Amino acid sequence: MTTVLVADDDADVRDVVVFKLEQSGYDVLVAEDGATALAMARDAMPDIAVLDVMMPRMTGLDVCRELRAAEATAAIPVILLTARAQESDVEGGFDWGADDYLTKPFSPRELVSRVRAVLARSRR
Amino acid sequence: MISPVSPSVDRDLLIVAAVCLAVVLVALALAVLVGRWWLRVTDARRARLVASARPWLVQLVAGDDEDPVVVERLVAVDPRTWRALEPVTVAMLGKVRGEARTAVVGLLERRGSVERAMRGVHRRSAVVRARSAHLLGAVGGPGTTAQLVRLLGDRDLEVRAVAVRALGRLADPMSATALVHGLLRTPPLPHHLVMAALRQIGPAAVPPLLAAVDRADDLVRAQVAEALGLVGAVATAPVLVVMLRIDHSTEVRLRAARALGRIGAPVSVDDVIAATSAREPLALRVTAAEALGALGARRAVPVLADLVGDPVHWVAHTAAASLAAIRPDGVAALTRLAGRSGSAARHAQEALVAANAKRLLATVRP
């Protein structure tokens, strides 16, 4: 089963994303902050990570950078979730190897489509 | 003749006063403790109520198609639970869009929350009016803008502030004129909130702003200039240039210069350069030097390079920082200046170091 790591400090967003991904048949790992997300990614090696940009302890951009820096986790595709006001961060995210991004407010249906598309691209 | 007061009476009075004070302090401490305990109890009760229905809300928001069973469950939730769940539901509106948002709006309508909010804006309680305005701003829909515009004239400042925020969230062009008039009225609406709302409305806010550029009040004209810059309509650059050239108020000219920098219209470069002249007021010179950096025009480089040698520290400092923002010509000019001696060299060196540090911070992990 495909495993998705979801990291967001907003419980509402996190629960909606987790519900939607589980409903779509994915196995979901959940983290409430960046540092936990990084530790989980190193332990569980998910197939893809959906990371909020603004998180306590470690931002989504930092997690993305750390994932890319280690050989074992470098290939994990990353989708960033960002507020509209932080769209400038997306540029930094792409610099550090993020594969896609989605702005909040987001459409849960679109998120699943993006996850599918990024996974398909990464498996080619 | 002043009658002598016996020392024993004094002592008795002192004891009574001390006892009274102690009683008051104990009562206050008890009141604080009970208040805190009560808050904790009500928070816990609210959290329990929310937890009992929140999974259905998540299911409604994340579900593929609107599940009628989930909707009916949420519609049937008892009033006490709904009172606790309603703020969570309204908060969801700011986090999702598309079908998910439509489902939440549908739920709020079926629960009567929208209708209650439409009535709530007329209630005596300022808290209810503010809460209603917040909900209407989150939901939107027919008649919402009109109700919120009416609240711009509310007697309570907090309600007016919530209404401005709500209108910004809706970004309905119909509210632009009312928001601009909010800058003109006495007492005015919170200036920074109006600016943010106009920015969210965007180019549709330009016509009412242009209609206000000739107002007699200096502060209003200054705010209009600032708002035009925030809205970012390039077509308004000629108007801002005129404000920068001929307005008698330095504040207006200063904000026009800043707005031109923000808009980035090349047509304004010469006028912004002129505003850096030594004949102009210091605050305007500094702002114009900053605006030239934001404009990023290459032909501003020699002017800024001269300004780095200005005897006024703040002008020289700002000009150097602006040169650092103009790549590659500005940085090259700074590098040349840094190799010389005197205050210009020091400003140039500082600006180069600051620019390098900024670049490093962007790439190195904090």
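**Figure 1. The interface of chain A and chain B in the predicted model.** About 1,800 Å² is buried between chain A and chain B, and carbon and sulfur atoms give 48% of that area; the structure shown is a predicted model. The contact draws on 20 residues from chain A and 20 residues from chain B.

**Figure 2. Salt bridges and polar contacts between the chains.** Between chain A and chain B the count is six salt bridges. One of these joins the side chains of B:Arg54 and A:Asp15, with 2.6 Å from N to O. Across the interface of chain A and chain B, 11 residue pairs are found in polar contact, with both residues at pLDDT 80 or more.

**Figure 3. The side of chain A that touches chain B.** Two or more residues each come from helix 1 (11-23), helix 3 (60-69) and helix 5 (108-123) of chain A, and helix 1 of chain A gives the most, with eight residues.

**Figure 4. The aromatic pair.** A search of the whole structure, over all chains, finds one aromatic pair. The pair is formed by B:Trp37 and B:Trp38, whose rings lie 6.1 Å apart, centre to centre, with 45° between the planes, an arrangement that counts as tilted. B:Trp37 counts as exposed because its relative accessibility is 52%, and the cut-off for exposed is over 50%. B:Trp38, at 45% relative accessibility, falls between the limits of 20% and 50% and therefore counts as partly exposed.

Terms used. Residues are numbered from 1 along each chain as its sequence is written. Chains are lettered from A and ligands numbered from 1 in the order in which they are written. This is a predicted model: local features need pLDDT of at least 70, side-chain atom pairs count only at pLDDT 80 or more; totals for chains, interfaces and linings use all residues. Side-chain values use heavy atoms; hydrogens and water are left out. Contact means heavy atoms within 4.5 Å. Buried area is the accessible area (1.4 Å probe) that two parts lose on being put together, summed over both. A salt bridge is a side-chain nitrogen of Lys or Arg within 4 Å of a carboxyl oxygen of Asp or Glu. A polar contact is a pair of N or O atoms within 3.5 Å; within protein, one must be able to donate a hydrogen and the other to accept it, and residues adjacent in sequence count only if both atoms are side-chain atoms. Helices (H or I, at least four residues) and strands (E, at least two) are DSSP runs, numbered from the N terminus. Rings of Phe, Tyr and Trp (its six-membered ring) pair if their centres lie within 6.5 Å; planes under 30 degrees apart count as stacked, over 60 as edge-to-face and the rest as tilted. Buried means under 20% relative accessible area, exposed over 50%, partly exposed in between (1.4 Å probe, protein chains only).
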